[in-house]
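Please keep the sequence and the three-dimensional view at hand while reading.

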Amino acid sequence: MRLYTPEQEERIALQALVREWTRSKLLDPLQLARLERDLGTEVRRTNAALRITLVFFTVLLAVASVAFVVLVLGLNRTRLDEIMVSGLAAILYLSLAELLVRWLRLYRFGVEEALAVMAVVAFGWSMSSWLNEPLRVSMVAGLLVAAAGGLWIYGRFGFVYGAMGSAVCVAAIPFQLDLSYAATRSLAGLAFAVVCAAAHLMRREAGREVRREEYEDLRAAAWAGLYLVLNLQLTLDEPGVGRVFYWFTYVLTWALPIAGFWIAIRDKDRALLGVNLILAMITLITHKAYLHWPRHSWDPMIFGAMLAAIALGVRRWLAAGPGGARNGFTPQRLLEEDRAALSVLRAVSLGVQPVGAPSPASPETLGGGRSGGGGAGASY
Amino acid sequence: MSTLRYLERWKTAGAITADQHDVLAALVRKDRVSVFVELNALLYAGVVAFIAGVGWTIQTYFASLGDAAILSSLSLLFAGCLAYCFTRSAPYSNDAQESSHFAFDYVLYLGCLSLGVALGYLEFRFHILKQNWDQYLLLSACVYFALSYRFDNRLVLSLGLSSLAGWFGLRAGVHHSLFGPIVDAASLRPYALAYGSVVVAAGVLLHRTGIKRHFLEAYLHVAANVLLTAVLSGVAVSEHQWLYLMVLCMLAGLTIVQGIRTRRFAFVAYGILYAYAGISIQVLRGIDGDTHVFAYFTLSGVVVIAGLVMLARRFGREE
């Protein structure tokens, strides 16, 4: 079913590894050239920056061209027109994506990715327009089609985010139905749990490394989805649910990151580890709200000190293990990609700074600082 | 074929040594997994949360805590962090340096943030610089730049760059002493252009003199976005649209060429996106009717995508 053979995907993944090893000085450039000859594929690829730019312009072109045709043909915004136009656009986008991969052998090039995703959106829109009464049915139909489409583009093109989007669409269905708050959250959580379990099982059965990595990413994303729909403090209003469900979700906000860490450490799955690190932080931030305890201005200080203490403690504990590692985990940087990830962190720090610049010293303006202008402070 | 089999085959063929095979196979088998990034992220989040809590607590309880307690605590924190860094750092070098300890960069970052809070509080309570209170930003930017170079710390460099940006903005907004008061986007533009030019000039100059060459990219990312945004705003709202468009195209062209030359494709993307936005704004001024607007986006979209595909095939292979 997939447009790329497993051997092609394996070679592409291995090419990336070999380049990373060379950047990390585990191989020399001459060896890289030799190994790359052995890993040759006829697919065409590009780098991340151009890929993102191509996605942007392809979406722009896809939307503008359809709008242009609608205007030239003088189509009105009738239901039939919407069904026809969005349906035909979906077929066109998908066909183009297929052709680009088949003829030009594009692989994660941006253009075919944007077209495939746009096709799914257009199919969902078409179905939603077709069944436009009542609104809930229309939305559910659209989401179901989008979910099926997401799975299709995952199977066909290997876009893992298609499968992730599919899970999100399925989980969004209960929110369209006239259900109680608890039922909505439970069903959405169930959808993510099923995806998570499926990905977990498929990962275990997967014979190929590339597939295993795809399922790991999908599992991590579904795990995050499961947590996010079940942490009731992430909603804007006080959730109107029964006590049992409320406290059940509170227990889950602790249990999920703990279980996630356990699985991630057992499987040595960094995607799941990273996700659960974030989820654990969210649990620590929201648990006071769950317990209806008052917030204090020093809470972030304690939280920050705790995070720093955990980081330093874990690092020291791992480094003290035999060979500077425990259970295979080391605090040392092994590959150059870790340095690149830190560069991203530094770039983020440019925009996110906890304390803003000094502002006009008016005692009346008691502000909490702002981002940017890092340094001298908030207004007090 | 699995990665391990490839490695075995390469070892047998002599493409890699037995030692290399062992190291790489251990990585593939996940005998060793690094949590370096995760621990760094945790420490960064910890420092940011801690200092946010410090600011919030001072803001809430400054009356009961007292000036002496607040300022002495912040000064002690700053001094402690600096003392830690000076006693544990390697001597200064113009080249990139590995941190002597895992937490080193974050200790310095914490110290710099605490200095920021202290300076803000000082002015809030004692009005020492009064109307020139924004000079604190310039002062803190200078301190951050000095410390970032001394200790090779890009987190603190980011702090310095944003403090300098804040100084340019506030200098304009509060004192309007350089290019007149800021009342709209147009009046902010000269300050943005000045800031972008200063940043790019400083970055290039320091790079040419061989001082922390690896910092250049941070300067250029900031400068490219600020300069291109400023000129783009000139195309959007200025009376001299054509002049700004010409400048935008020249700047974008330069960014694209340099991006290709140095294989920093983020700059290629900046150039393309800003230039496209500027040209589109100007073209759409002369077009009326939705049909023409969508025709423009369709045609221009095809042209840009075709150009990008050619560019990607010729220069922008996967990294």
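At what angle do helix α9 (residues 209-230) of chain A and helix α11 (residues 270-291) of chain A pack? In this predicted model, the two helices pack at about 15 degrees, and their axes are 8 Å apart. Angles under 35 degrees count as roughly parallel, and α9(A) is therefore roughly parallel to α11(A). The crossing in which α9(A) passes α11(A) is right-handed.

The residues that form this contact can be named on both sides. From α9(A) come Glu216(A), Asp217(A), Arg219(A), Ala220(A), Trp223(A), Ala224(A) and Tyr227(A), and they meet Ala271(A), Leu272(A), Val275(A) and Leu279(A) of α11(A). Sorted by class, the contact of α9(A) with α11(A) has eight nonpolar and three charged residues, with no polar ones.

A helix pair in chain B may be considered next. The axes of α3(B) and helix α5 (residues 104-126) of chain B come within 10 Å and cross at roughly 15 degrees. The helices α3(B) and α5(B) are therefore roughly parallel to each other, and their crossing is right-handed. On the side of α3(B), the contact is made by Leu43(B), Tyr44(B), Val47(B), Ile51(B), Val54(B), Gly55(B) and Ile58(B). On the side of α5(B), it is made by Tyr106(B), Tyr109(B), Leu110(B), Leu113(B), Ser114(B), Val117(B) and Tyr121(B). The contact of α3(B) with α5(B) has twelve nonpolar residues, two polar residues and no charged residues.

The description now turns to the meeting of the two chains. How many residues does each chain bring to the contact? Chain B brings 94 residues and chain A brings 85 residues. On the side of chain B that touches chain A, helix α3 (residues 36-65) of chain B gives the most, with 26 residues. That side of chain B comprises 60 nonpolar, 23 polar and eleven charged residues.

Strands also link the chains. Strand β1 (residues 329-330) of chain A is joined by two bridges to strand β1 (residues 33-34) of chain B, and these strands run parallel. Within this pairing, Thr330(A) has Ser34(B) in β1(B) as its bridge partner.

Finally, the division of chain B into domains may be set out. Domain 1 spans 1-33, domain 2 spans 38-182 and domain 3 spans 191-319 of chain B. Taken over C-alpha atoms, the centres of domain 1 of chain B and domain 2 of chain B are separated by 47 Å.

Notes. Residues are numbered from 1 along each chain as its sequence is written. Chains are lettered from A and ligands numbered from 1 in the order in which they are written. This is a predicted model: local features need pLDDT of at least 70, side-chain atom pairs count only at pLDDT 80 or more; totals for chains, interfaces and linings use all residues. Two residues are in contact if their C-beta atoms, placed from the backbone, lie within 7 Å. Helices (H or I, at least four residues) and strands (E, at least two) are DSSP runs, numbered from the N terminus. Ala, Val, Leu, Ile, Met, Phe, Trp, Tyr, Cys and Pro count as nonpolar, Asp, Glu, Lys and Arg as charged, and the others, Gly among them, as polar. Two strands pair if DSSP finds at least two bridges between them. Axes are lines fitted to C-alpha atoms, for helices over the stretch in contact, and angles run from 0 to 180 degrees between N-to-C directions. Angles under 35 degrees count as roughly parallel, over 145 as roughly antiparallel, 65 to 115 as roughly perpendicular and the rest as oblique. A crossing is left-handed if the near helix is turned anticlockwise from the far one by less than a right angle, and right-handed if clockwise. Domain bounds come from an automatic or database domain assignment.
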